[in-house]
Amino acid sequence: MSNQVLVIVESPTKAKTIKKFLPKNFTVLASIGHVRDLPQSATQIPAKYKGQEWAKLGVNVENDFEPLYIIPKGKSKIITELRKELKKSSELYLATDEDREGESISWHLLELLNPKVPVKRMVFHEITKTAIQKALENTREIDMKLVSSQETRRILDRLVGYSLSPLIWKKIAYGLSAGRVQSAGLRMLVERERERIRFVKAQYWDLKAILSKDATDFEAKLIAVDANRIASGKDFDPHTGKLKKPDGITIVDEKRAQALLTQLKNKPWQVESVEEKDFTSKPTAPFITSTLQQEASRKLGFTARVTMRTAQRLYEQGLITYMRTDSPTLSEQALQATRTQVEELYGKEFLSDKPRQFSAKTKAAQEAHEAIRPAGQAFQKPDETGLTDRELKLYDLIWKRTLASQMAEAKKKSMQVRISVENCSFAASGMKIVFPGFLRVYVEGKDSPDEALEDKEVLLPDLQQNDVVDCKDLESVAHETKPVARYTEASLIQALERSGIGRPSTYASIISTILDREYATKHGTALVPSYTGFVVIQLLEDHFEELVDYGFSSTMEEALDEIASGNKQSIPYLTEFFLGDDGLQAKIEKREEKIDPDHAREVKLLRTFDNVELRVGRFGPYLIKKMPKGEEDLRASIPNDIAPSELTNDKVQEIIEVSKKGPQPIGTHPDTGENIYALLGRFGPYVQLGEVTDDVPKPKRASIPKSIKMTEITLEEAVHLLILPRTLGADPETGEEIRANNGRFGPYVQKGDDFRSIKEPDDVYTIDLNRALELLSEPKVSRRGSKKIKELGEHPTKKKKIELMEGKYGPFLKMGTKNFGLDKEIDLEKYTLEDAVKHINAKL
């Protein structure tokens, strides 16, 4: 028999990296992720099971929850290739990732390949020569407890999703779904939006002074009048807009603020007290999965999905340790590498007195794993890696956070100054960094701008008690309390982790699923639940409350951890959850008939509208105005850009009024004489030139910006908006028409199916042909950061255009709506249509 040894990993990149550290007789192949899964649709169910009722679930609940595994489309060729290589081999090493998902992939490979040669499971948390050598010397068998935990999670998700989704289709709208973990995450978003709906705004004023001493200016704010502290935002109840505890607190209104300005003019200012304090701040722990996702969101603007994909590539290239971990500990090797590099780069005074070790905050953390850090016994500096773009930014973040964890504490000095003038007391705060310590390398990001200011150095002049200071300027400042901020990806992950919902490997998929199903959208970085998200959560809260109960979700995660450790058995747990007297199946059977579809579709926003109901239907949210008997109820769609907490009674009445009147012309166009209408559509208000007719099915339209109220738009404003789309002229080379217009994602210029965004200082209303041609000549960069390298031609049988693209994860081919990844090492200049067709055909 050949002495070839076959090693199987998940990805080609990982295969390429690990091969460098293995003996020459080792062949490394990739499974390209999972090789078996539950069927995703009825067409994937094998013929012999199609008549079975349980087959729709993909899990035989009548036979110990046996999963029905199938080989997904496109994986058969990979399995065939693996079997072919296995026949030539004397040993098989399964080197998939060390977590439950990786263990499961190894087990599925073992089940499919049925090897007749010795099989060894090798695990490692970094792809370096030392780690791979150690893994080869310390192989083990597949851990069936980890496999069972992963399989149980998959079955639970399937049971919940495939049992509840048909119910939601019947009661709300077809195509909606409910998931086990993402439903709890969505409930967090909905509850936060409800808090914003309940919010009652309060107004208050204070004074801000610019004072000076020894030619140094500094800022001070009013804190007390007549020895009573003045109210600030934290003193108001967000649900009433009134003071939580009014005793001893004074609310300064505009009238009082103006009176104080007059009173304090030209009065002497004197330092009442000065308090100085020395303090230190410590570095935060090295990254675990959740903190990496949070910090990459805050500092780099990455989504959780982008962070994990980028980290996966760094790991597979041997640059960082395994990126799915909940343990912040560092190995002895890592501690030594970190401390050596800190001393080399910054000197011994920046090193902590002794190695600093961190422990996990969650009881379920797997301490056998290590924090996410640069790989190896000596860390590569970011500029030595050869990385670019996102990979470089994320590696730099990980490298800095790791180094900071072993650096000296930052030494700071704070100064709190009280200054009196007449019956008023002002406060000034200063902070000086005496010794930067770890701050030399890393400052943790903050979700709140106010918290971010805490790390800023603010220097005050040398002030002593009884010093007289000059007032250079004094102004009154108006404030309004703000509702609680919506969750961002970073803060949602933090909340999920704190509640014990999900695990490191699931946070990114929870958020992606919520967004992909349009249960929430992004307004900037904020996650805003949709009206559809609201009604799904309402139905679950009303009839299946335990499934969105945070404690219940956390307990399920703990049960999966117990299965992974061997302290709980999977089948009894699944039986109780699904088939028990109070199991999910029984609950659905008992409650389905009690759920009224009309009631389920009604969105309850904790505020009432004048004789108007808010519902969700197949085409989105809409309002129903109850009309007098004999008249048909009035219906009006709600534009997608109005968030639930922003749907006020005034806004509802405006939408109803516009819908009630129907298309009413606001005037005629001065050039064409056609009527101009202000209308409301799914994507918001817009103006339209003329009517929809058989001859003109799509009249000219333009969006009304948020700065203009659609019920108050003037004819002049409407005419200006209808300048778009503008025809700028023809391309002198091709003769194609060039146009400028506004779209869903902002202004753009267009030639055929080629688009480019218009950025400031260019203006969509004034841009000319020459400038448009310049923009169109630039490489196209998509919203996802991809740009077209060249057009290769048409696929001979599919008759679709093939383009060679450069994306954030390397080159790929684009054919229609499908993308096909390419190896990073290919020569893009020499890549031909023939190469592309061959590659695409192999993937289809």
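This is a predicted model: local features need pLDDT of at least 70, side-chain atom pairs count only at pLDDT 80 or more; totals for chains, interfaces and linings use all residues.

Me: How many aromatic pairs does a search of the whole structure find?

Reply: The search finds eleven aromatic pairs.

Me: What describes a pair of aromatic rings?

Reply: Two quantities are used: the distance of the centres and the angle of the planes. In the case of Trp 169 and Tyr 174, the ring centres are 4.8 Å apart and the planes stand at 50°, so this pair is tilted. Trp 169 is partly exposed, its relative accessible area being 34%, whereas Tyr 174 is exposed, at 65%.

Me: Which class does the pair of Tyr 204 and Phe 236 belong to, and why?

Reply: The planes of Tyr 204 and Phe 236 are at 25°, and the centres of their rings are 5.5 Å apart. Planes under 30 degrees apart count as stacked, so the pair is stacked.

Me: Where do Tyr 204 and Phe 236 lie, and is Tyr 204 buried or exposed?

Reply: Tyr 204 belongs to strand β7 (residues 203-213), while Phe 236 is in the loop between β9 (228-230) and β10 (249-250). The pair therefore ties together parts that are 32 residues apart in sequence. Tyr 204 counts as buried, with 10% relative accessibility, and Phe 236 also counts as buried, with 6%.

Me: Turning to helices, at what angle do α6 and α16 pack?

Reply: Helix α6 (residues 180-198) packs against helix α16 (residues 550-565) at an angle of about 150°, and their axes are 10 Å apart. Angles over 145 degrees count as roughly antiparallel, which means that α6 is roughly antiparallel to α16. The crossing of the two helices is left-handed.

Me: Which residues of α6 and α16 meet?

Reply: From α6 come Arg 180, Val 181, Ala 184, Arg 187, Met 188 and Glu 191; from α16 come Tyr 550, Ser 553, Met 556, Glu 557 and Leu 560. By class, this contact has six nonpolar, one polar and four charged residues.

Me: How are α17 and α18 arranged?

Reply: Helix α17 (residues 570-579) and helix α18 (residues 584-591) pack at an angle of about 5°, with their axes 4 Å apart. They are therefore roughly parallel to each other. Phe 577, Phe 578 and Leu 579 of α17 make the contact with Leu 584, Gln 585 and Ala 586 of α18. By class, five residues of this contact are nonpolar, one is polar and none is charged.

Technical notes:
Residues are numbered from 1 along each chain as its sequence is written. Side-chain values use heavy atoms; hydrogens and water are left out. Axes are lines fitted to C-alpha atoms, for helices over the stretch in contact, and angles run from 0 to 180 degrees between N-to-C directions. Angles under 35 degrees count as roughly parallel, over 145 as roughly antiparallel, 65 to 115 as roughly perpendicular and the rest as oblique. A crossing is left-handed if the near helix is turned anticlockwise from the far one by less than a right angle, and right-handed if clockwise. Contact means heavy atoms within 4.5 Å. Ala, Val, Leu, Ile, Met, Phe, Trp, Tyr, Cys and Pro count as nonpolar, Asp, Glu, Lys and Arg as charged, and the others, Gly among them, as polar. Rings of Phe, Tyr and Trp (its six-membered ring) pair if their centres lie within 6.5 Å; planes under 30 degrees apart count as stacked, over 60 as edge-to-face and the rest as tilted. Buried means under 20% relative accessible area, exposed over 50%, partly exposed in between (1.4 Å probe, protein chains only).
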